[in-house]
Amino acid sequence: MSLRITVIGTGYLGATHAACMAELGFEVLGLDTDPKKVEQLSAGILPFHEPGLPELLKKHTTTGRLRFTTSYEEAGAWGDVHFIAVGTPQKAGDHAADMTYVDNATTALAANITKNALIVGKSTVPVGTARRLQELVKSVAKTSVNVELLWNPEFLREGFAVHDTLTPDRLVVGGGTVEAVATLRRVYASALSLDTPFITTDLETAELVKVAANAFLATKISFINAFAEVTEHAGGDIRVLADAIGLDKRIGRRFLNAGVGFGGGCLPKDIRALQARVSELGLDRTMRFLSEVDEINLRRRERVVHLATEILGELDGRTIAVLGVAFKPNSDDVRDSPALDVAAQLYNAGADVSIYDPEAMNNARARFPRLNYADSMDDALRGSHLTILLTEWEEFTSLVPQQLEALVESNSIIDGRNVLDPQTWTERGWRFESLGRRSESVLISSSQ
Ligand code: UDX
């Protein structure tokens, strides 16, 4: 018999998982406590930007294979495998993760399950959560049914969420009886047929795999950004440095792009929550290096503001065009976005900031309504004394000076993502600044 799948929480992770499960042929019910979201998704409307996902949502809501509800009663009675995909945001005023949504979702679901079922946690949680939830499920589930809890962390990247869900590079499953794991193998049969590694382990390891991966990625980015600070002072070109060390297969070139740093809904909050959790375990020093990782990352934003001040003399009354406010390209997400943070800091320092982003304008406006949001890139650039590229959308990485010259007031640019060719700009007489590449070293390296 075909498995019926529910997905509790329909944010970036849940909506993607639900649509992809439908694409794999399962009947899927997505649950969210927000009736507006449920209404939109049911109508086939995706409330955020994610390439490839609107098509899947439309396709499967049309056939009825993918439905959405606000009812735990319905989900609990219907599903065989329930995925928990609610958020674990950073607590206000604290580094720890807010577990309210996970706890509430698990309690409500378990209490409403009326047939034998699996609860599979996907959310990123502090180590120890799954074992605690197991007890919670035991205490609220009906005694007439057998409900098992497993942990199956999700590694999807925004912008590649559909690809990462349908063809993950690994599957990790913590806990569960042999039968429960076998059921999950049925869910992931398509990926397994492609020889995707399937790692079975205990609950704690599964939880830790996720935070360890994100902590490693954040550390890698801050590592290269720390060297960018060095090359800014000592001379040198951070891109060449990254290329050269990246050729060592033990290091690898990916996630060594120096720039304005990492943001988004995962990396920043996950490294903070990990430190908080490990401190709770009495290991105050163990993850202390992650505070440095966090600080290096935040200093990159200050560096951009510093460079802007250096170029303009003062920020008050100067017009700055900010290209990109999403935390990365192919996303409309501005959560902890370095780009939006820099834009806000420039505004707070008195600059007249004009923003353009292909997708993230509405989310940015909701967060910082007082910044200027231009209708087009040209509008953002018109009359600006300085241009700052902060998210490497393709339409920005392909920019050439001639495109800007008829619009801007002054030929000055900061490349906050190290994606433009410095020589092209400096040869046209532009003042070109980037992160981790001093102008003179850039000229030497690019003329070689
Ligand atoms: C991340 C993890 O990659 C993913 O596995 C996990 O499931 C969720 O968190 P995501 O937040 O979508 O995914 O973004 P990611 O592609 O990892 O980028 C994170 C941030 O790091 C972005 O702001 C990006 O611009 C920045 N970054 C990335 C760099 O500054 N330099 C790099 O070399 C790579």
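A backbone N or O atom of L256 sits 3.4 Å from an oxygen atom of the ligand, which makes a handy way into this model. The model is a predicted one, in which local features need pLDDT of at least 70, side-chain atom pairs count only at pLDDT 80 or more, and totals for chains, interfaces and linings use all residues. Residues are numbered from 1 along each chain as its sequence is written, and side-chain values use heavy atoms, with hydrogens and water left out.

L156 brings a backbone N or O atom to 2.8 Å from a ligand oxygen, while K210 places a side-chain N or O atom 3.4 Å from an oxygen atom of the ligand. Taken alone, the ligand exposes 670 Å², and the protein buries 92% of that (Shrake-Rupley areas, 1.4 Å probe). Around the ligand there are 20 residues, of which F155, L156, E158, N257 and F327 come nearest; to be counted, a residue needs a heavy atom within 4 Å. By class, this shell has 10 nonpolar, 4 polar and 6 charged residues (Ala, Val, Leu, Ile, Met, Phe, Trp, Tyr, Cys and Pro are nonpolar, Asp, Glu, Lys and Arg charged, and the others, Gly among them, polar). Helix α10 (residues 203-234) supplies the largest share, 4 residues; helices are DSSP runs (H or I) of at least four residues and strands (E) of at least two, numbered from the N terminus. The ligand lies between domain 1 (4-200) and domain 2 (213-447), because both give residues to its shell; the bounds come from an automatic or database domain assignment.

A cavity is a set of points on a 1 Å grid over the protein atoms alone where a 1.4 Å probe fits but cannot get out, with lining residues having an atom within 4 Å of a point. Points are joined across faces, edges and corners, and a volume is the space filled by probe spheres set on them. The count comes to 2 cavities of 30 Å³ or more.

The largest cavity has a volume of about 80 Å³, and domain 1 and domain 2 both line it, so it lies between them. Helix α12 (residues 267-280) gives the most to this lining, 5 residues. The lining as a whole has 7 nonpolar, 2 polar and 3 charged residues.

The second largest cavity holds about 30 Å³. Its lining consists of L24, T165, L166, P168, Y188, S190 and A191, with α7 (161-166) and α9 (189-192) each giving two or more residues.

Notes
Polar contact = N/O pair within 3.5 Å; in protein donor to acceptor, adjacent residues only side chain to side chain. 1 Å grid on protein atoms, 1.4 Å probe; cavity = no way out; pocket = protein on both sides within 12 Å on 5 of 7 lines; lining within 4 Å.
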